[in-house]
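This briefing is meant for a reader meeting the structure for the first time. It turns to the nonpolar cores, then to one helix and its surroundings, and then to the pairing of charged side chains.

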Amino acid sequence: MLLSGADIVIKTLLEQGCNVVFGYPGGQILSVYDSLYKYKDEICHVLSAHEQGAAHAADGYARATGKVGVVLATSGPGATNLVTGIATAHLDSVPMVAITGNVATSQIGYDSFQEIDITGITLPITKHNYFVGDVTELADTIREAFSLAMSGRPGPVLVDIPKDVQMAMCEYTPAPAVVMNEKLPAKDKRLAVAAKCINESEKPYIYFGGGLVSSGAGEELIQLADKIDAPIGCSMMGLSAIPTDHPRFLGMQGMHGKFASSAAMNSADCIISLGTRFNDRVIGERENFNLKAKIVHIDIDASELSKTITAHHNLRGDIKKTLEKLIPLLDEKTHPKWQKEIDALRKKGLEYEDKREGMTPKNILELLNSYIEPDMPVATDVGQHQMWAAQTLKFSKSRKFISSGGLGTMGFGLGAAIGAHVGTGKKTVLITGDGSFGMNLNELVVAVENNVPLVILIMNNGVLGMVRQMQTMYFEKHYSGTVLGRPTDFVKVAEGFGAKGERVSTLDELKTAFDNAFSCDGTYVIDCAVDKDEFVLPVMSAGGCTEEIIVESGEFLK
Amino acid sequence: MNRYTMAVLVSNKFGVLNRVTSMFRRRRFNINALTVSETESAQYSRITVIFEGDDIEKQQLVNQLQKLPDVSAIRDLEPETSVSCELMLIKMENKADTRDEIMMAAKAFGAQTVDYTRESMVFQLTADSTKIDEFINLMRDYEILEICRTGSISLEKGATTIRKVTNL
């Protein structure tokens, strides 16, 4: 079948089972948009307000579904606007294929209008990227891009296609969807020594992250914990992989994590780490990390093993497959003494919890918990609201917490929430702050145009709370650049965009607003007042170095 | 701190060297020398990297290289089991009072004279990098006009070849 390069792009996307793309048109991607028009019955295009929003939407789609998210943009500014979105996906290992147009090959290198070296720009923030100089290589390049994006440790792949390649005619031979490289368990020899180490442990602790979500190993994780009687904690990227109320789950750990999980990891004698990378937000200073513990590190990416913390047992493999082989090698054990210790940590952690009444972040999100259904994706932006959400929200199904962890991208949430809805078809929640929302609120047009059932909760404190909190604590309350003082009326903003909106300042009002928002079919913005002096607590430094935990904001606010 | 020589077999494609060096730069690997050359196959180029660091850093370098889709094989070349050499061109000032000494030294090192004028002489030396360093040190007693070195290249001794390994 003789087809144009642009038609081949759409045909190969369809081959991969991709039936939705996010994007924004422009001069050098016109041919692909023409093909989208031709194949509009088979593939749906979601037009964003800005390419960054489209990239975050493709990312949110991928996080919520586990499928590859696809984003299209034109050359030049279209391509550079994708950069933050691609970097966000890269840092959180999200499978994404970004397709950009470029000027014709004869014009490449002449600084032509809207020419940019996007493969050069995205080199450090993609798993791999391609410049397709010949239409005969186009179909296989896109297939390879999908295979790479999904395989091993997932990540974004960019394919840059010059205009003449999109227009050139070429014989197209259909092919089946690419399959992920086979998922392999760790080597038997390594499994055996790791099992011995775990069997000798008296105080085992399981710490997991986003890799467990990618691997879909939630059940195996719980089997492991049950068999060796271990408590479980996770990094922020791991949230929602297992039910929040699972009795063995101590919660998110790290800088703003639960006291119990951070302290438990700190006193364990064996840490089994699954698909996580001992990031500085979790362990604090490397030097102060629990050095007594034997570490069993399982990850699909060999370069993560012993990268930050030197592990005693490095197992490279798919987590699900590796656990399937590891669990039978383990002795069934109980550790009553360790569990007693854990109970004490839990109790102590509860003492540190915020017990105030009224419009506190915790009470706001506890109320939201009663509205969130198991299938609803919840996206966040970045800042205090994100940490409050990570600490307070309850999940029962995997891939429901959608948040930018590694890059910490403010402005991620709205695009990601739209993508999550497009992927799941479910009502979606976005928790954001007035700072983050202000960054990319233009994407409201997309939510409204596509009638996305979206509940947006703006935790509005009039300041850039997370940074301001640090200024309060470490910079003598020099509130430089963090006081917004903007008279923005978010209800009117919502209405201006064609959504509905409501402002609340008490829990009763918030309840009514939630009732309205969750029964509304379209997009509903709740502008929710939060005190500017609310802190994200606890603040822990140095990997659950419990002596240095900060649990109250009082002394800082004096 | 150890010195390692790694041979890396990569696809012979536009931009691959950039991908490899970009990774070295952003992960701040301490690279002393790097050479790229054609190989027995038109499909592959061979990169020889001389790298300083400890064992953990070396493992990181290997792991990070393995993640690049264009890398198809990596080999850690030990000095005992491999042969290495480097090519240098050195241009010396040609003066009556130093000429003989320079020529003697060049002869002792087995360097060839590849250019000779009234004002200058150019020697070509193929040897291992240490020997080249020694020759340069000797020449510092005289007026060096220019030096150009290729960086070291290495092959394993015996019939073994760089093994094809699969990447994710």
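In this predicted model, the largest nonpolar core holds 70 residues, and those touching the most other members are F208(A), L274(A), L368(A), L457(A) and I526(A). Because residues of this core come from both domain 2 (188-351) and domain 3 (361-536) of chain A, the core lies between these two domains.

**Nonpolar cores**

- Setting aside neighbours within four places in sequence, L368(A) is in contact with L393(A), V429(A), I431(A), L457(A), F514(A) and F518(A).
- There is also a second, separate core, made up of 46 residues, which include A58(A), L430(A), I458(A) and V525(A).
- As a general background, nonpolar side chains in soluble globular proteins tend to be buried together.

**Helix α9 of chain A**

- Helix α9 of chain A runs over residues 188-199, and since twelve residues at 1.5 Å a residue should span 16 Å, the 16 Å between its end C-alpha atoms agrees with that expectation.
- The residues of α9(A) that are buried are L191(A), A194(A), A195(A), C197(A), I198(A) and N199(A).
- These buried residues pack against several elements of chain A, namely the helices α11 (218-228) and α14 (319-326) together with the strands β12 (270-274), β13 (294-299) and β14 (313-316).

**Salt bridges**

- Over all chains, the structure holds 35 salt bridges.
- One of them joins the side chains of D92(A) and R63(A), with a distance of 3.0 Å from N to O; D92(A) lies in the loop between α5 (83-91) and β5 (96-102) of chain A, while R63(A) lies in helix α3 (residues 51-65), so the pair ties together parts that are 29 residues apart in sequence.
- In this pair D92(A) is buried, at a relative accessible area of 10%, and R63(A) is buried as well, at 8%.
- K362(A) and E366(A) form another salt bridge, their closest N and O atoms being 3.7 Å apart, and both residues lie in helix α16 (residues 361-369) of chain A, four residues apart, which is about one turn of the helix.
- K362(A) counts as partly exposed at 21% relative accessibility, and E366(A) is partly exposed at 33%.
- In chain B, E86(B) forms a salt bridge with R149(B), the closest N and O atoms being 2.9 Å apart; this pair links strand β5 (residues 82-93) to strand β8 (residues 144-149), with the two residues 63 apart.
- E86(B) is buried, with a relative accessible area of 4%, whereas R149(B) counts as partly exposed at 32%.
- A network of salt bridges links R153(A), D301(A), E304(A), K307(A) and K67(B).

Terms used:
Residues numbered from 1 in each chain as written. Chains lettered and ligands numbered in written order. Predicted model: local features only at pLDDT ≥ 70, side-chain atom pairs only at ≥ 80, totals over all residues. Heavy atoms only, no water. Core = buried A, V, L, I, M, F, W, Y, C linked by side-chain atoms within 4.5 Å. Buried < 20%, exposed > 50% of the residue type's maximum accessible area, 1.4 Å probe, protein only. Domains from an automatic or database assignment. Contact = heavy atoms within 4.5 Å. Expected span 1.5 Å × (residues − 1). Salt bridge = Lys/Arg side-chain N within 4 Å of Asp/Glu carboxyl O.
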